[in-house]
Amino acid sequence: MSTLDVTRAELALIVLYLNKAEARDKICRSIQYGSKFLSNGQPGTAQNVDKSTSLARKVFRLFKFVNDLHALVSPVPQGTSLPLVLLGKSKNALLSTFLFLDQIVWLGRSGIYKNKERAELIGRISLFCWMGSSVCSTLVELGELGRLSTSMKKLEKDLKNNDKYKNEEYCAKLQKSNERTLALVKAGMDIVVAVGLLQLAPKKVTPRVTGAFGFVSSLISCYQLLPSPPKSKTH
């Protein structure tokens, strides 16, 4: 493969990535929380960037609540335990509610919805829904990691003296475990961000702490959305 072909392939992946509304939203989210970290809640350029980016992101999320509404009514994979099913459906319901209410918040901040006090109340309710969905995500990931760990240990026993890292099934489970671990870290960070935005512990979770956790969480989201590079063909 020539250098030009490699460059074209890499640019194609970047275009594919940036064409996703979700990816652009998460890039804006990293800017938003990075600005929050820099401003530490103090007036200035960084805080202005934080507020303007927060408002701009709401446009990317218009009608996004339909995605989780669809996931809520979709069948679950066979073999999933009832507690994990209930947690997963609760997460979908809470996240869908958050995204729906967030549109009313956008209408309020845009000046279309005139009742400012009600818009602020709806904003707080939506953030509590998001925090609840993050808690459910954390518990789901913990449960799924437990299931994966059990199946991987069983597979290790079956493989005995064979190199487990050469076994495709084991490698696939290991990759899935790494992905779920990353999702668990992100969900835990999002809980801290929600606590900060709701000012439930203002002395401990300051705007700078909220910004730092939100920024790292956003980078994780950006990484999770990266398209898989095309597999090279072996002859």
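Me: Val-59 is found in helix H3, residues 45-60. Why is Val-59 called partly exposed?

Reply: This is a predicted model, and its relative accessible area for Val-59 is 43%. Buried means under 20%, exposed means over 50%, and partly exposed is in between. The 43% of Val-59 falls in between, so Val-59 is partly exposed.

Me: How many aromatic pairs does the structure hold?

Reply: There are 3 aromatic pairs. One of them joins Phe-65 and Phe-100.

Me: Why is the pair of Phe-65 and Phe-100 called edge-to-face?

Reply: The ring centres are 5.3 Å apart, and the planes are at 80 degrees. Rings pair if their centres lie within 6.5 Å, and planes over 60 degrees apart count as edge-to-face. Both values pass, so the pair is edge-to-face.

Me: What does this pair of Phe-65 and Phe-100 tie together?

Reply: Phe-65 lies in helix H4 (residues 65-73) and Phe-100 in helix H5 (residues 82-109). The pair therefore ties together parts that are 35 residues apart in sequence.

Me: Is Phe-65 buried or exposed, and how do you know?

Reply: Phe-65 has 16% relative accessibility. That is under 20%, so Phe-65 counts as buried. Phe-100 has 42% and counts as partly exposed.

Me: How do you know the class of the pair Tyr-165 and Tyr-170?

Reply: The ring centres are 5.9 Å apart and the planes are at 85 degrees, so this pair is edge-to-face. Tyr-170 is buried, with a relative accessible area of 3%.

Me: What makes Arg-208 count as sitting over the ring of Phe-37?

Reply: The charged end of Arg-208 is 5.1 Å from the ring centre of Phe-37. The rule asks for CZ of Arg within 6 Å of the centre and within 35 degrees of the ring normal. Arg-208 is reported over the ring.

Me: What makes Lys-64 and Glu-22 a salt bridge?

Reply: Their closest N and O atoms are 2.7 Å apart. A salt bridge needs a Lys or Arg side-chain nitrogen within 4 Å of a carboxyl oxygen of Asp or Glu, so this pair qualifies. Lys-64 lies in the loop between H3 and H4, and Glu-22 lies in helix H2 (residues 21-39), so the pair ties together parts that are 42 residues apart in sequence. Lys-64 is buried at 18%, whereas Glu-22 is partly exposed at 27%.

Me: How do you know that Arg-57 and Asp-25 meet in a salt bridge?

Reply: Their N to O distance is 2.8 Å, and the limit is 4 Å. Arg-57 is in helix H3 and Asp-25 is in helix H2, so this pair ties together parts that are 32 residues apart in sequence. Arg-57 counts as buried at 7%. Asp-25 counts as buried at 1%.

Me: Which residues are linked in a network of salt bridges?

Reply: The network links Glu-22, Asp-25, Lys-26, Arg-57 and Lys-64. The structure's count comes to 12 salt bridges.

Me: What makes Asp-102 and Arg-61 a link between distant parts of the chain?

Reply: Their side chains meet in a salt bridge, 2.4 Å from N to O. Asp-102 is in helix H5, Arg-61 is in the loop between H3 and H4, and they are 41 residues apart. Asp-102 counts as buried at 5%, and Arg-61 counts as buried at 7%.

Me: How do you know whether Ser-137 is buried or exposed?

Reply: Ser-137 has a relative accessible area of 15%. That is under 20%, so Ser-137 is buried. Ser-137 is in helix H6. Beyond its neighbours within four places in sequence, Ser-137 is in contact with Lys-91 and Ala-187.

Me: Why does the phi of Asn-40 stand out?

Reply: Most residues other than glycine have a negative phi. Asn-40 is not a glycine, yet its phi is positive, about 55 degrees. Asn-40 is in the loop between H2 and H3. Gln-199 also has a positive phi, near 55 degrees. Gln-199 is exposed, with a relative accessible area of 60%.

Technical notes. Residues are numbered from 1 along each chain as its sequence is written. This is a predicted model: local features need pLDDT of at least 70, side-chain atom pairs count only at pLDDT 80 or more; totals for chains, interfaces and linings use all residues. Side-chain values use heavy atoms; hydrogens and water are left out. Helices (H or I, at least four residues) and strands (E, at least two) are DSSP runs, numbered from the N terminus. Buried means under 20% relative accessible area, exposed over 50%, partly exposed in between (1.4 Å probe, protein chains only). Rings of Phe, Tyr and Trp (its six-membered ring) pair if their centres lie within 6.5 Å; planes under 30 degrees apart count as stacked, over 60 as edge-to-face and the rest as tilted. Contact means heavy atoms within 4.5 Å.
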